[in-house]
Amino acid sequence: MAEKNAKKQVPLRLSDRLYGDLVRWAESDFRSVNGQIEYLLTECVKQWKKSGKYVSEETDAPPDVDIGQFDP
């Protein structure tokens, strides 16, 4: 029987640019990339449960990620 708190493995494809941004963001928050993605998804689900809405109204549009302070 599976453990209640067992984690699922999910293959995820990301663009090089998005992955690079996530790496820098995760490092600034002292997290692994996996931990950062899990944190962000958890926060989005909390928001969705709270308001019943997606964070973005344009769910099919690619995210416009601009973390200018992290540009090399």
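1. Lys7, Lys8, Gln9, Val10, Leu12, Val33, Asn34, Ile37, Glu38 and Leu41 form the lining of the second largest pocket. A pocket here is an open set of points on a 1 Å grid over the protein atoms alone, where a 1.4 Å probe fits, with protein on both sides within 12 Å along at least five of seven lines; lining residues have an atom within 4 Å of a point. The volume of this pocket is about 360 Å³, taken as the space filled by probe spheres set on the points.

2. The model is predicted: local features need pLDDT of at least 70, side-chain atom pairs count only at pLDDT 80 or more, and totals for chains, interfaces and linings use all residues. Residues are numbered from 1 along each chain as its sequence is written, and side-chain values use heavy atoms, with hydrogens and water left out.

3. The protein chain has two helices and zero strands. These are DSSP runs, with helices (H or I) of at least four residues and strands (E) of at least two, numbered from the N terminus.

4. Helix α1 covers residues 16-28, and its end C-alpha atoms are 18 Å apart, which agrees with the 18 Å that its 13 residues should span at 1.5 Å a residue. The expected span is 1.5 Å times one less than the number of residues.

5. Which residues of α1 are buried? They are Gly20, Asp21, Leu22 and Ala26, where buried means under 20% relative accessible area (1.4 Å probe, protein chains only). These buried residues pack against α2 (33-51). After α1 comes Phe30, with a positive phi near 55°.

6. Of the 72 residues of the protein chain, 11% count as buried.

How values were computed
Buried means under 20% relative accessible area, exposed over 50%, partly exposed in between (1.4 Å probe, protein chains only). Contact means heavy atoms within 4.5 Å.
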